[in-house]
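Dear colleague,

I am handing over the structure below, and after it I set out what was found. Please read the notes with the model open beside them.

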Amino acid sequence: MDDYDVVVVGAGTAGCVMAARLSEDAGVRVLLLEAGARKPLETRPPDWLSLQGTSADWAGTSVVQAATGTRIPWPRGRGLGGSSAINGMVFVRSHRSSYDRWVEAGAEGWGFDDLLPYMRRSEHAEGRDPALRGAGGPLTVSPPSPLHPVSEAALAGVAQLGYRAATDINGGMEEGFGLTDQNIVGGRRQSAADAYLVPVLDRPNLTVLTGAPAHRVRVAAGRCTGVEYGVGGEVFTAGCRGEVVLTAGTVGSAQLLMQSGIGPGAHLREVGVEVLLDLPGVGANLQDHPRSMVVYSPARPIPATVNGHGEVIGLIRSDPALDAPDLQLQVMAIPYFAPSLPPELPTPGQGYSIAFSAMAPRSRGSVRLAGAGPGTAPLLDPNYYGDPHDLEVMTVGLRVARAIGCTAALDAWRGAEVLPGPEVKDDDSVRAYLYRSLRTYSHQVGTCRMGADDMAVVDTGLRVRGIDGLRVADASVMPSVVSANTNATVYAIAERAAALIRAR
């Protein structure tokens with residue numbers, strides 16, 4: 001057993017930020033625990049999909065979904081950098097309306113304007129509006145270069161349909177279509193570990209332990225006193241004089257709290273965990289963006305990209321009467337489809353795709369324990385399409401994706417619509433396709449949400465309610481999923497959490 005001032009559990013996006021920022025104070029002794037490997041896997045940016053299912057991925061799978069009758073693969077990053085080391089490298093803030101909804105849900109002080117300084121602190125975005133974008137931050141983010149010709153054609157296509165061209169779709173203030181920022185520097189992925197952690201590994205006050213999964217947090221007299229973890233079959237305890245910060249993600253942070261006896265009492269007793277604190281919101285409120293796609297065969301060979309895929313995104317409203325955008329579309333110069341699609345469905349070896357996703361889903365699911373043992377994989381139930389509203393938005397998404405795919409600007413690239421196929425037209429066949437083509441967008445949030453009501457897990461200072469010296473600072477604290485890819489927002493949450501702890 002050793003004592004630290006701060007113990008950070010989980011070296012994904014948030015954990016790397018926390019460890020780097022908190023260890024800036026040479027008088028603060030910081031321990032970062034990570035279950036995965038120390039050296040992240042490296043691939044060329046276009047090969048990011050090949051990282052799924054490897055040792056860098058927890059490779060979870062949902063329980064059978066009530067609406068679709070299928071299990072959905074759930075890739076999650078494992079190792080230094082976490083999901084930032086295996087994701088599609090898209091760096092996009094949500095539209096400001098998403099953050100302002102957090103305030104309406106009880107997360108006072110977490111609106112867009114409150115979070116903006118921490119968004120700016122994380123990034124270096126060359127040549128952008130300095131009032132909105134950052135300069136000198138650890139992450140170097142920029143649009144794809146060179147732009148893929150299918151991306152160029154798609155931008156022309158959406159203009160033909162009358163959609164607005166966004167100047168900086170990544171900044172959080174615009175709707176329409178534009179180029180994504182990407183976490184690619186010098187032709188290589190820049191993960192959270194690359195940007196934040198690796199440059200400071202030589203700090204004498206920072207200890208990083210990999211291959212060290214956390215088993216539970218230790219609590220005495222209502223205060224968190226440390227973390228129990230395993231290495232090579234042995235069990236150790238890291239004592240903590242200050243604060244333990246959980247940054248294990250939407251699945252891992254909720255799982256660790258429940259393994260520690262902090263969570264919904266009836267469920268914990270059911271799986272054989274002694275209840276330390278009945279906190280019913282732990283593991284509830286799980287949200288994710290459902291995702292589907294239209295896939296086209298090529299009319300001519302499509303050149304390979306040197307960047308990640310998904311260079312063009314659009315953020316629009318599925319219904320003009322809405323007060324905020326709720327539908328994202330993404331153009332990808334590859335045939336991109338769900339692993340659950342039947343093998344007899346013809347898919348081209350080469351092609352391009354237009355993916356679409358409901359950005360403000362109403363469905364809510366849960367993370368639950370399957371057993372008391374710390375090595376037991378949790379039960380993941382995103383409850384996709386549990387609320388029929390999400391299916392309605394995705395139906396609009398399919399219609400818009402097809403409209404983009406049929407624009408004259410894409411004539412030179414378009415062969416045939418392979419997925420869903422021209423026979424999918426009526427309501428029943430569209431619904432069936434949306435069910436069978438469903439895949440996660442890997443944007444899970446909400447299982448330790450912040451707020452002030454009885455189902456909130458953390459307060460607006462990210463402190464676990466009812467336990468001193470314990471915080472959560474990752475995607476799990478979001479009251480609702482944002483209208484964009486979540487990684488940029490997680491960086492900002494972690495930056496603000498580090499500032500809160502340092503101020504204390």
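R402 is buried, with a relative accessible area of 18%, where buried means under 20% relative accessible area, exposed over 50% and partly exposed in between, with a 1.4 Å probe and protein chains only. This residue is found in helix 8, and, leaving aside residues up to four places away in sequence, R402 touches V294, Y296, E417, P420, G421, P422 and V424, a contact being heavy atoms within 4.5 Å.

Please note that this is a predicted model, in which local features need pLDDT of at least 70 and side-chain atom pairs count only at pLDDT 80 or more, while totals for chains, interfaces and linings use all residues. Residues are numbered from 1 along each chain as its sequence is written, and side-chain values use heavy atoms, with hydrogens and water left out.

Helix 8 (residues 388-405) also packs against helix 9 (residues 427-436): their axes come within 10 Å and cross at roughly 100°. The axes are lines fitted to C-alpha atoms over the stretch in contact, with angles running from 0 to 180 degrees between N-to-C directions, and helices (H or I, at least four residues) and strands (E, at least two) are DSSP runs numbered from the N terminus. The two helices, helix 8 and helix 9, are therefore roughly perpendicular to each other, a term that covers 65 to 115 degrees. On the helix 8 side the contact is made by L391, M394, T395 and L398, and on the helix 9 side by V430, R431, L434 and Y435.

In helix 3 (residues 112-122), the buried residues are F112, L115, L116, Y118, M119 and S122. Their cover includes strand 5 (90-91), helix 2 (96-104), strand 6 (123-124), strand 7 (139-140), helix 5 (192-197) and helix 10 (487-503).

E126, in the loop between strand 6 and strand 7, is exposed, with a relative accessible area of 61%. Its side chain makes a polar contact with the side chain of H124 (2.8 Å), that is, a pair of N or O atoms within 3.5 Å of which one must be able to donate a hydrogen and the other to accept it.

Finally, an unreviewed UniProt entry annotates residues 361-494 as "domain: Glucose-methanol-choline oxidoreductase C-terminal", although such annotations may be inferred rather than shown by experiment. That span, residues 361-494, is 27% helix and 13% strand, and its end C-alpha atoms lie 24 Å apart.

Definitions and conventions: Parallel < 35°, antiparallel > 145°, perpendicular 65-115°, else oblique.
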